[in-house]
Structures are given as structure tokens and as C-alpha cells.
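Hi everyone, thanks for coming along. I'd like to walk you through one model today, so please have the sequence and the picture open as we go.

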Amino acid sequence: MKNLSLLNDNAKNCLGSCRIEPIDKDYAQNLVPNLCLPFNSAFYMPEAVNIHPQRYLETLFLACNNLVEELCSSGFGVKELCLHKKSVTTLLELSGEYDAVVICLGAKADLLPELSRRLPLRTCRGVIAHLQLPQNIREEIPDHSPSILSDAWLAIHGPRDLHMGSTWEWKSRNYSPVVSKEEAHKALEELLPKASAILPSMKDWTFAGAKAGIRAMPPLTLNGSLPLLGCVDDLVGKCQTCKYWLFGGLGSRGLLYHGWLGKLVAQAVVSCREDLIPVELTSWRKLKQEAHK
């Protein structure tokens, strides 16, 4: 009940551009028929949308490129945005080629030799399942129904199509997006009871595939689990011709954090001033140093 009170307080103080509305069982079931609410209460975000990560990133790059072109045509000098695809095995391969390098590889940052086992990241593999409603079942989800966040989340893509997630396998080093039959079966056994508890009709949906990914979870601190930002020249080697910066540990909150923190990191990189980043996001290095004492 303490968490429910906290959520109610958040709803009252939400931003105008990100409305959160407390709703009761009748209102919720008008949105999603037969939805079960344990406390006869839920929170509805009318403007919430599902995001496809790959398409979002491609569109974000396109938006940045359009901004560069607008600045050039407005008399702000010649500017250029380029996307280079290059495989590297060490960060030192980039030395001398760039003024600055921002490392944002998620859990794979630990695969770089300069950073291997030197970042306080906790890896966690998650599996999501793709489910579809068979044609012989009539109880489909209404068009434009909101997605659902509970013990299991349901990303609804249409009346007969959704994704369900997600599992949490801590300390996993399996970076493959491919999910075996055994892993998929285990994920369904874990997730379906949770999803059915809030939407009983989930028992009628059939499995259509699964994918997996690795979360790069930051350490737990007194301020919560906060991303890891800052200059890492001391880890890479101080005698380099460019500066190296880390942007990681976003965990499962990358969509929430990336815009704001990306702006902070960009400002710090351009001005060569790490102090522009909140100290709570750079203090992870002190914690790492203390752990090795």
C-alpha cells in the first residue's frame, strides 16, 4: 500500500506533457475488458506509446541529420553528421582518429579489454515472448488498447498481437538474441501466470517467438541504481590524444534516461568538463576504488 500511495503522489505531481491518471476498475475495464485490478486501482497514461528500439534509433539519427542541415542553411557554418560503421577490438584503435570517444555499448562495454571487469555493472539477461491470438478465439483486445505494466508487461500491437516480458536472469553472460526452445519454455512458465493474473484471457494466446537481450544494470547506491557517466581516461590510459567518456549502466531505463543524460554528456565532452555531470552519476569510480582497497 506504501507503493500505491507513492504512485498516487506521483500522479498528482506529474508533468503536463506526461499525464498520469489514477483510474478505478470500471474505467480500466472500459479500456481493456476483463482486466483484473488487485487494489481496484490503476494508473493510465493517455499519451504513452510503444517504441520499437531499432526504428526509434534510425529515426533519431535522421532527426539529428535534419537538424544539422537546417543549421547549415541558417548560416551557422558548415556542419556535418556522419555514421561510420567499424569493428574495433580495443579502444586504442580509435586513438588519434577522434577528439573524443563516447562509449555507449551497454553490457558489451565489459568486452573491451580496457574496461573488462573494471566497471561495476551487473549483467541481467531478459527474454520477451511474442504472442498471437488464434483465429478461432473471438475475445480479442480492442483496437487502440493501452499496453499494460504489471508483474509482467504486455506491449499491445493490435487486437491479436502482443509482446510479453520480461524475465530477469542475473549474472548471465549470454549476449545472443537467439532464444532456445528450453529457454522460451522456461520464460513462458514464468511470465504467463503473471500476465494471466491481470488479464485472464492470456491463457488463450499462443507462442509465436521469443528474443532476448542483456541489461547493463548499475550498482545499488543510497540514491538508487543510477547510470554510470564520466571520463574514463584513467582506465584507458592517460597518454592518449583523445578523451574517452563512458555513457552506460542505463539498465532497463534507457528510454527514460537517454535524452537528458545524452545532453549532459555531450556538453561535458564538448567543454572537456566532467563537473557538468551530476556527481551522483560519476561517483561510481570512487565506489570501485574503495572496493579494491
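Let me start with how elements get their names: helices (H or I, at least four residues) and strands (E, at least two) are DSSP runs, numbered from the N terminus. What we are looking at is a predicted model, where local features need pLDDT of at least 70, side-chain atom pairs count only at pLDDT 80 or more, and totals for chains, interfaces and linings use all residues. Residues are numbered from 1 along each chain as its sequence is written, and side-chain values use heavy atoms, with hydrogens and water left out.

Let's begin with strand β13. Is this strand mostly buried or exposed? By buried I mean under 20% relative accessible area, by exposed over 50%, and by partly exposed anything in between (1.4 Å probe, protein chains only). Strand β13 covers residues 243-248, and because five of its six residues are buried, the strand is largely enclosed by the rest of the structure.

Which strands pair with it? Here, two strands pair if DSSP finds at least two bridges between them. Strand β3, residues 100-103, runs parallel to β13, with four bridges joining them.

Asp233 counts as buried because its relative accessibility is 14%. A polar atom of the Asp233 side chain lies 2.7 Å from the backbone nitrogen of Tyr244. For a polar contact, we need a pair of N or O atoms within 3.5 Å; within protein, one must be able to donate a hydrogen and the other to accept it, and residues adjacent in sequence count only if both atoms are side-chain atoms.

On to the aromatics. Rings of Phe, Tyr and Trp (its six-membered ring) pair if their centres lie within 6.5 Å; planes under 30 degrees apart count as stacked, over 60 as edge-to-face and the rest as tilted. By this rule the count is two aromatic pairs. One of them is Tyr27 with Tyr44, a tilted pair at 6.2 Å centre to centre, with 50 degrees between the planes. This pair links distant parts of the chain, since Tyr27 sits in helix α2 and Tyr44 in strand β2, 17 residues apart. Tyr27 is partly exposed, because its relative accessibility is 41%, while Tyr44, at 17%, counts as buried.

Where does Asn40 sit? Asn40 is in the loop between α2 (25-31) and β2. Its phi is near 55 degrees, a positive value in a residue other than glycine. With a relative accessible area of 44%, Asn40 is partly exposed.

Cys272 also has a phi near 55 degrees, again positive in a residue other than glycine. You'll find Cys272 in the loop between α6 (254-271) and α7 (284-291), and at 51% relative accessibility it counts as exposed.

Finally, which two residues does a cis peptide bond join? They are Gly165 and Ser166, with omega about -15 degrees. Ser166 belongs to the loop between β7 (161-165) and β8 (169-170).

That's my tour; happy to go back to any of these spots.
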